[in-house]
Structures are given as structure tokens and as C-alpha cells.
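This report describes the architecture of one protein chain and the setting of selected residues. Please consult the sequence and the structure shown below.

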Amino acid sequence: MLFAGHEPARANNVVSSSPSAPPRQHTSRPIVTGTSVLGIKYKDGVMLAADTLASYGSLAMFKDVQRISKTGSYTLVGASGEMSDYHAILRKLEGLERDNLNANDGFEHSPVEIYSYLRAVMYQARNKFNPLWNSLVVGGYKDGKAFLGSVDLRGTAYEDDVIATGFGAHLALPIMRAKWHADIDEGEARALLEDCLRVLFYRDCRALDMVVLSKATADGTLVSDPYKIETDWSSASFVVPKAGEDGDGGW
Amino acid sequence: MFRSQYDTDVTVWSPQGRLLQVEYAMEAVKQGSACLGIVGEGCVVLAALKRQPNELSGYQRKLLKIDEHMTIAVAGLNADARTLAKTMRTECLNHRYVYGAPLQGARLVLDIADKYQRCTQMYVRRPYGVGLLVACVDATGPHLYETCPSGNYNEYVAVAIGARAQSAKTYLEKHVDAFKGCGVDELCKHALKGLAGCVAGDKELDAASASLAIVSFDAAAGEAATQIIEDGDVQKYLDTVEIDAAAAQAENMAVDDAPAADAMET
């Protein structure tokens with residue numbers, strides 16, 4: 001029986017003493033997933049990019065999903081992996097924001113603190129053998145310092161100048177590392193991220209050409225509206241069917 | 001002997017609209033030995049007067065480090081202060097684990113004030129008989145808070161609590177304009193001068209009874225650091241202050257007549 005104000009436990013986490021009740025179930029695989037999130041530090045701050053697709057297995061199911069969000073005044077959080085788990089994480093971050101608002105003491109969590117908090121949240125869930133199935137990218141800018149870090153579903157956390165999750169770790173990261181330098185400006189950073197997104201769209205079958213770009217700078221955080229990136233399919237390997245076989249050149 | 005009918009537990013109001021148990025607890029704070037705090041430029045200084053319960057015993061410590069960026073001074077029942085300090089230390093440590101950063105003083109003081117408040121509304125408990133001065137330097141700068149058994153708390157630029165604290169308060173009120181922009185050394189001098197007036201009888205402030213805590217931003221470490229100065233180390237600071245306890249006391253004729261508190265061993 002549910003009482004008013006009594007929140008039901010997470011359905012798959014219910015411990016029941018009744019022998020007829022189904023056994024305790026944990027998340028053992030993601031269902032609706034987002035693919036890569038990219039992040040780089042640049043001269044004026046941090047830039048994050050991701051496409052807007054949420055796949056249901058190999059089906060491109062939801063094509064207008066925001067995978068990068070603002071939290072507080074200084075921080076951006078992007079996620080690949082299970083989208084419902086990402087929404088649960090966002091709800092926790094909203095709670096954090098609300099607590100700061102209620103305290104009304106002028107304090108807000110810095111990007112590093114949000115990164116550290118998410119690390120603790122992800123690690124605690126994994127210790128319950130019920131991980132939040134995401135790779136998160138945290139970017140932010142506060143007190144003249146840019147921050148970029150990543151946390152995965154096991155609570156493994158690291159900071160770097162360039163970060164890519166999911167397929168991007170294989171396809172985009174080498175490009176980003178080759179082209180990145182410490183005083184890269186906003187235009188170059190944006191071009192680099194769009195190049196990477198393009199490569200991902202060409203080669204990652206769970207990616208989309210609808211993308212969102214976001215940045216955290218001294219002026220605060222900004223998340224763009226979704227827009228389509230230019231693609232060029234005139235490349236011989238796209239035009240000429242593979243190995244001379246008939247077909248669309250796909251695999 | 002007359003005894004009030006309304007003071008047997010905290011859930012009973014007196015007809016005057018008072019909670020006598022809570023007021024008695026506030027009285028316990030006034031009987032504890034004095035301590036004071038001052039906020040300066042990017043730093044906070046606490047000073048406390050330690051008591052020796054017995055000629056052969058050591059002095060009761062009054063300054064407790066909570067975290068790198070936070071220290072408290074206590075007046076009242078020391079045993080009650082210990083449980084509060086334990087809670088505060090645990091909270092600070094947990095916050096450091098989760099957020100990788102020091103806890104905001106205001107948030108912790110609010111939690112502690114709520115802990116005090118619960119005891120003023122439940123008949124199975126008694127109020128805490130201790131007042132705290134919380135000094136911290138956090139993301140929003142230096143702060144000094146006072147908590148008391150009623151569950152009230154306030155932020156101050158300078159404050160004193162405990163026996164004969166009125167003397168220190170008078171000193172602080174007189175010099176409050178000087179504290180703004182004060183560095184650690186100047187602040188320590190003011191703190192000891194303020195404390196000198198709180199010494200009982202014809203005794204003088206000495207290295208054995210005085211103690212100092214400095215919470216300030218350590219630029220080298222990139223975060224706030226606490227330094228507690230006690231015993232022989234205080235002498236250096238005492239030497240820099242010409243303490244004329246008699247003059248300080250004469251200056252403040254309005255000193256409250258604090259009752260003898262020896263039995264409390266606070």
C-alpha cells in the first residue's frame with residue numbers, strides 16, 4: 001500500500017520477503033542509448049559536442065534528444081549510454097541546484113565538485129551492482145579555470161584536455177589529439193569538433209548528423225539548438241560499391 | 001525552596017511563554033569559560049580562555065579543529081561539545097569524499113542548529129548545554145558563526161560568549177572598525193586583548209590559559225588552513241600585546257557578575 005509522501009522504491013531494486021515475488025533485478029544492459037560525447041578545452045573555456053540520437057538497439061528511435069545539459073551556472077554535463085539513467089542523473093543534479101537555491105547563500109558547486117559528486121554517485125551505484133549505464137563528460141569554467149573530466153559507469157574518473165566517450169574514443173580521439181594545442185581558439189575548436197562529429201556520422205552506425213554544440217566560458221554556459229552538419233558522400237569508397245559488388249557500399 | 005513547576009522538561013511552556021529548560025541550557029553557556037572570534041581580511045581568529053578544574057590537572061581544551069578550513073571554540077558543557085564536534089568532523093569528511101572540496105560553513109552550521117533545535121522540542125532529550133563559535137574560510141570567504149542551545153544561530157564580524165564575555169564584547173564593539181582589513185597578526189592581538197578582560201579575579205592572561213586558533217587562506221596550498229596555538233606557543237603572541245588586565249577591567253565597569261562556575265568544570 002502506498003502512503004501519501006511515501007516514494008516507492010526503484011522498481012528493480014525492491015527487496016521482497018515474499019517467495020512468490022520476482023527476484024531482485026539489476027540493470028545488466030542498456031536499452032535506449034546515446035552514442036559518443038566529445039569535449040575539448042580551448043583558449044576561452046571548454047566545448048562539448050554530441051549528436052541528438054537515442055537508439056533502441058540498432059534502431060534510430062529518437063532523433064531529437066538533448067544529451068548535453070547545463071547544471072548550475074558554470075557546468076555542462078553530457079552523456080552517452082542509457083538515456084533513462086542519464087535523466088535520473090540530471091534529476092539528482094537538479095536537486096543539488098535546488099539545495100543551493102534554497103540555501104540562498106551565494107554558493108554554487110564548481111565544475112570540479114559536480115564531477116567529483118558524479119564520480120561518487122556512479123561508484124555507489126556500481127557498488128550496489130546496479131550501475132547507472134553511462135559515460136559522462138563534465139565540462140565547466142569557473143574562476144578563470146576550465147575543467148574537463150569524464151566519469152564512467154564504474155565510477156572511473158579522469159581529467160584531460162580532450163575527451164571522447166563511446167565510439168568517439170576510437171574514432172574521434174586520435175583526430176582530436178593530433179589537432180589539439182593549448183591555445184586553440186573558439187573557431188578552431190568548433191571546426192575540430194564538427195570534423196569529429198562528421199567522421200563519427202560516417203563510421204559509427206549509431207550516430208546522427210543532427211548535433212548540439214555547447215561551451216562553458218567566463219560568460220557562463222551556452223548550449224546550441226540542434227543543427228545539421230554538412231556531409232560529403234562523393235568519396236570513392238562511398239560511391240563505388242565495395243569490392244565491385246552491387247549494393248549501397250554499406251556493411 | 002521555591003521550584004518552578006514548568007522546568008521539568010522542555011516540552012512544557014511556562015505561563016510567561018518561556019521554555020525554562022532551554023533557558024537553563026543558555027545559562028550553562030554563560031557559565032563556560034570565555035571565548036571570542038573576529039573576522040579579518042580573508043581570515044578568522046578565535047581566542048579561548050582555558051580553565052584548570054584542579055591545581056594538579058591540565059587545562060580543558062576549548063578550540064577543536066573540525067577540518068582544514070574550520071575550527072570551533074566551545075563554551076559550556078565540554079562533553080556536549082565533543083558530540084557536536086564529532087558530527088561536524090564526520091560531515092566535513094563526507095563532503096570532502098563526495099565533492100572533493102571543503103564543506104560550506106553556513107550549510108554545516110544550519111545542520112548543527114537543526115540538531116540543537118530538535119532537543120528543544122522533544123521531551124526525551126535535554127538541550128545541548130554548549131555554545132559554539134564556528135570559524136571557517138570557504139568558497140564565499142571568511143565567516144564566523146555563533147550557535148546556542150535554543151537552536152538559534154547568527155553570523156558575526158566579532159563575537160564573544162561564556163563567563164564575563166561582556167568585557168570582551170565591549171572591547172570588540174569599540175574596535176570593530178579596526179578589524180576590517182586586519183591581517184592575522186593584528187587580529188590575534190585584538191583577540192588576546194579582548195580575552196584579557198574575561199579573566200577571573202586577580203589572575204592575568206598567561207600562556208597556560210590562553211589559546212588561539214587562526215583559520216586563513218593558505219596561498220601555497222591553494223586552500224584554507226587552520227592553526228591552533230596553545231601552551232608555550234601563545235607566549236610569543238602575548239608578548240606582542242601589552243596586557244593590562246586591570247586597566248581592561250576598569251575600562252569595562254559594566255562587566256556582568258558571572259556566577260562561580262567551578263562546580264561545572266566547564
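What share of the contacts in chain B with a separation of 6 or more do residues 24 or more positions apart account for? Such residues account for 66% of these contacts, a contact being a pair with heavy atoms within 4.5 Å.

This is a predicted model, in which local features need pLDDT of at least 70, side-chain atom pairs count only at pLDDT 80 or more, and totals for chains, interfaces and linings use all residues. Residues are numbered from 1 along each chain as its sequence is written, chains are lettered from A and ligands numbered from 1 in the order in which they are written, and side-chain values use heavy atoms, leaving out hydrogens and water.

**Overall form of chain B**

Chain B contains seven helices and ten strands; these are DSSP runs numbered from the N terminus, helices being H or I with at least four residues and strands E with at least two. Its radius of gyration, taken over C-alpha atoms, is 18 Å, which agrees with the value near 18 Å for a compact globule of 266 residues; that rule is 2.2 Å times the number of residues to the power 0.38. The C-alpha atoms fill a box of roughly 55 × 50 × 40 Å along the principal axes. Of the 266 residues, 50% count as buried, where buried means under 20% relative accessible area, exposed over 50%, and partly exposed in between, with a 1.4 Å probe and protein chains only.

The UniProt record, an unreviewed entry, places the feature "domain: Proteasome alpha-type subunits" at residues 6-28 of chain B; such annotations may be inferred rather than shown by experiment. Over residues 6-28 the chain is 39% helix and 0% strand, with the end C-alpha atoms 18 Å apart.

**Selected residues**

Ala210(B) is found in strand 9 (residues 210-218) of chain B. Beyond residues up to four places away in sequence, Ala210(B) touches Ala48(B), Lys50(B), Leu192(B), Leu205(B) and Val234(B). The C-alpha atoms of Ala210(B) and Asp233(B), 23 residues apart along the chain, are separated by 10.0 Å.

Most residues other than glycine have a negative phi. Asp143(A), however, has a positive phi of about 50° and lies in the loop between strand 8 (134-142) and strand 9 (145-151) of chain A. Arg164(B) has a positive phi of about 55° and lies in the loop between strand 8 (158-161) and helix 4 (165-179) of chain B.

| Residue | Relative accessible area | Class |
|---|---|---|
| Ala210(B) | 0% | buried |
| Asp143(A) | 69% | exposed |
| Arg164(B) | 18% | buried |
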